[in-house]
Amino acid sequence: MTDTSLSPGTAPPAAPPTEVARVIAGGKKLTTVYVYEAPVRLWHWVNALSILVLCVTGYFIGSPFPTLSGEASAHYLMGTIRFVHFAAGYILAVGFLGRIIWAFFGNKYSRELFTFPFWRKSFWKGFFTEVQWYAFLKPRPLKFVGHNPLAQVFLFFVMVLGLAFMILTGFALYSEGTGLGSWQAKLFGWVIPLLGGSMQVHTLHHLGMWVIIVFIIIHVYSVIREDIMSRQSMVSAITNGHRTFRDDDPD
Amino acid sequence: MALETFYEVMRRQGITRRSFLKYCSLTAAALGLGPEFAPQIAMAMETKPRTPVLWLHGLECTCCSESFIRSAHPLVKDVVLSMISLDYDDTLMASAGHQAEAILDEVMTKYKGNYILAVEGNPPLNEDGMYCIIGGKPFVDQLKKVAKDAKAIISWGSCASYGCVQAARPNPTRATPVHEVIFDKPIIKVPGCPPIAEVMTGVITYMLTFDQLPALDRQGRPLMFYSQRIHDKCYRRPHFDAGQYVESFDDEGARKGYCLYKVGCKGPTTYNACSTVRWNDGVSFPIQAGHGCIGCSEDGFWDKGSWYARLADLKGSGFGVEANADQVGLIAAGAVGAGVAAHAAISALKRAQHKNTDGAQKTEGGEK
């Protein structure tokens with residue numbers, strides 16, 4: 001299953017400590033692993049772009065531009081902003097669904113986003129090692145083919161649960177405009193009374209945006225930092241799919 | 001107390017058959033029904049005995065009653081006020097004291113399971129309900145007693161539906177909406193502070209003529225009046241879409257009747273019929289008068305911060321801070337941004353330090 005481009009025919013030895021070590025133990029020099037398949041990469045960038053558009057338009061729906069003068073029929077500013085927001089919302093939601101579906105067909109790294117291995121001991125060990133690495137308590141981080149455990153937790157809570165929350169509340173709010181009987185209202189209308197009314201859902205959706213903005217700040221920073229300081233590539237990995245390692249040490 | 005039909009009462013009051021039929025088609029239109037329903041309404045009114053309505057008052061301000069008796073549609077008003085058998089309403093009825101309470105018991109036994117209970121206001125539950133005493137007993141006891149044999153319950157106004165201002169934090173009397181006290185009866189919520197008169201009479205007329213509850217939404221409100229937001233049918237909506245807003249109440253936009261979104265209009269989050277039915281015989285409604293909607297028919301409107309801000313302060317959302325989502329978000333993003341910058345600086349220093357110490361033993365090949 002593991003697509004290690006330099007070891008096509010080697011049968012892996014029985015459960016070595018890490019897969020990086022496994023390939024090294026096979027006497028091969030590990031340089032790149034194909035981690036992010038094309039659909040995953042496509043989703044990442046489409047998702048990133050729609051989030052950017054959604055944050056900007058969403059902010060201006062909550063706090064509109066200064067008033068325009070002249071005939072109302074001469075403008076459609078808020079209408080356009082809302083249209084762009086809804087269109088980007090649809091793209092994000094379809095992308096999210098597609099990403100879930102791909103998790104069933106893609107390689108094992110495509111499932112990492114949705115799994116939160118709460119009960120796996122090695123996961124928590126890796127998690128705390130990463131925390132120490134970020135707290136400058138460890139001079140050198142571990143190697144990871146997929147996401148590091150800290151990133152995985154972060155992604156799981158914000159990009160899976162968080163995005164799901166934004167999609168649910170977003171479509172619920174959208175259904176207020178499409179009206180009762182619309183499929184949006186049938187599928188998502190229950191969210192509004194559940195969360196305590198329309199105003200409340202607006203507020204929570206708005207807060208969700210700030211959670212995502214905070215996520216973006218941390219995500220972009222840590223990716224660039226990891227790209228420079230960690231033992232594997234980051235930015236190029238999500239662009240061409242291949243993760244490159246900087247050293248051949250087993251662990 | 002042999003009950004006449006609606007039609008008999010109307011004729012007795014000097015209403016012609018022609019007016020009666022007109023009323024039936026008007027009611028059909030008001031309820032959003034097709035023209036084929038007018039004869040059905042006429043039929044029901046000619047044949048059905050009137051259903052007794054018992055109207056209880058708990059913790060409330062009587063604004064619902066005030067609204068109700070001002071129902072502008074003359075025929076609707078006549079029908080509902082003089083023709084429903086409003087057998088008990090301690091605010092409106094002539095009798096008082098033991099006499100009044102006796103009527104309540106009489107109707108309850110005589111029409112067991114067949115009367116409609118209309119509740120205005122809500123019961124306070126703290127101190128065993130002692131904050132609201134009716135006829136020497138806590139209101140909550142009266143409510144439970146009368147609800148037991150009722151066919152259905154109408155929760156008039158935001159008090160009965162959601163709690164309203166007497167339930168505002170910290171809710172010292174523990175004022176509780178009807179649906180959190182009575183669980184075994186169908187409850188129709190007609191929220192608003194007060195609800196629109198025509199909405200109230202419309203709901204009652206529907207129930208009496210069709211002998212069934214109107215279609216309700218997920219929160220138990222009649223769909224025919226609460227399925228759309230004020231915003232969806234607001235006559236200022238074109239200004240919203242255009243991006244033309246009142247920035248402050250004395251500016252040019254306010255004079256020109258622009259959208260009140262930026263001065264906190266709750267129209268986009270409020271389900272009610274104000275922008276279509278309007279008030280006082282369709283004369284006006286708050287937005288038409290130049291003030292934003294305060295969302296009085298929405299659950300919790302009394303606790304969600306300023307009437308004049310679109311972004312609710314988070315105290316009302318259970319976060320306990322008097323700041324809106326943008327203020328909290330900006331502070332969080334700023335703090336995280338500063339944290340990231342500091343982290344980046346330390347990382348750079350550490351890296352430079354490592355380069356110096358490791359430089360000797362590390363080969364260039366390891367770095368790739």
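This is a predicted model: local features need pLDDT of at least 70, side-chain atom pairs count only at pLDDT 80 or more; totals for chains, interfaces and linings use all residues.
**Figure 1. Overall make-up of chain A.** The secondary structure of chain A consists of 9 helices and 2 strands. In sequence order, these elements follow the pattern α-β-α-α-α-α-α-α-α-α-β. Chain A has 251 residues, of which 30% count as buried. When contacts in chain A between residues at least 6 apart in sequence are considered, 61% of them join residues at least 24 apart.

**Figure 2. Packing of helix 5 against helix 8 in chain A.** Two packed helices are described by the angle between their axes and the distance between the axes. Helix 5 of chain A covers residues 149-178 and helix 8 of chain A covers residues 198-229. The two pack at an angle of about 145°, and their axes are 10 Å apart. The crossing of helix 5 with helix 8 in chain A is left-handed. On the helix 5 side, the residues that meet helix 8 are A:Val158, A:Gly162, A:Phe165, A:Met166, A:Thr169, A:Gly170, A:Ala172, A:Leu173 and A:Glu176. Helix 8 of chain A contributes A:Ser198, A:Val201, A:His202, A:Leu204, A:His205, A:Gly208, A:Val211, A:Ile212 and A:Phe215. By class, this contact between helix 5 and helix 8 of chain A has 10 nonpolar, 7 polar and 1 charged residues.

Figure 3. A:Val158 lies in helix 5 of chain A. Burial requires 20 or more other C-beta atoms within 10 Å, and A:Val158 has 20, so it counts as buried. Leaving aside residues up to four places away in sequence, A:Val158 touches A:Val211, A:Ile212 and A:Phe215. A:Val158 and A:Ile212 are 54 residues apart along the chain, and their C-alpha atoms are separated by 7.0 Å.

**Figure 4. Helix 4 of chain A and the residue A:Phe136.** Helix 4 of chain A comprises 14 residues, 121-134. At 1.5 Å a residue, helix 4 of chain A should span 20 Å, and this agrees with its end C-alpha atoms, which are 20 Å apart. Helix 4 of chain A is followed by A:Phe136, which is placed in the loop between helix 4 and helix 5 of chain A. The phi angle of A:Phe136 is near 65°, a positive value in a residue other than glycine. Exposure applies at 12 or fewer other C-beta atoms within 10 Å; A:Phe136 has 12 and is therefore exposed.

**Figure 5. Overall make-up of chain B.** Chain B has 15 helices and 7 strands. Its radius of gyration is 28 Å, well over the 21 Å that the globule rule gives for 368 residues, so chain B is more spread out than a compact globule. Along the principal axes, the C-alpha atoms of chain B fill a box of roughly 110 × 50 × 45 Å. Of the 368 residues of chain B, 43% count as buried. Among contacts in chain B between residues at least 6 apart in sequence, those joining residues at least 24 apart make up 68%.

**Figure 6. Cis peptide bonds in chain B.** B:Arg169 and B:Pro170 are joined by a cis peptide bond with omega of about 0°. B:Pro170 is found in the loop between helix 8 (157-162) and strand 7 (187-190) of chain B. A cis peptide bond also joins B:Cys193 and B:Pro194, with omega of about -5°. B:Pro194 is placed in the loop between strand 7 and helix 9 (197-210) of chain B.

**Figure 7. Backbone of B:Arg278.** B:Arg278 lies in the loop between helix 13 (274-277) and helix 14 of chain B. Although B:Arg278 is not a glycine, it has a positive phi of about 60°. With 19 other C-beta atoms within 10 Å, B:Arg278 is partly exposed.

**Figure 8. Contact between chain A and chain B.** The contact takes 50 residues from chain B and 39 residues from chain A. On the side of chain B that touches chain A, the elements giving two or more residues are helix 11 (237-242), helix 14 (325-358) and helix 15 (364-367) of chain B. Helix 14 of chain B provides the largest share of this side, 15 residues. The residues of chain B on this side divide into 18 nonpolar, 16 polar and 16 charged.

How values were computed:
Residues are numbered from 1 along each chain as its sequence is written. Chains are lettered from A and ligands numbered from 1 in the order in which they are written. Two residues are in contact if their C-beta atoms, placed from the backbone, lie within 7 Å. Helices (H or I, at least four residues) and strands (E, at least two) are DSSP runs, numbered from the N terminus. Ala, Val, Leu, Ile, Met, Phe, Trp, Tyr, Cys and Pro count as nonpolar, Asp, Glu, Lys and Arg as charged, and the others, Gly among them, as polar. The radius of gyration is taken over C-alpha atoms; the globule rule is 2.2 Å times the number of residues to the power 0.38. Axes are lines fitted to C-alpha atoms, for helices over the stretch in contact, and angles run from 0 to 180 degrees between N-to-C directions. A crossing is left-handed if the near helix is turned anticlockwise from the far one by less than a right angle, and right-handed if clockwise. The expected span of a helix is 1.5 Å times one less than its number of residues.
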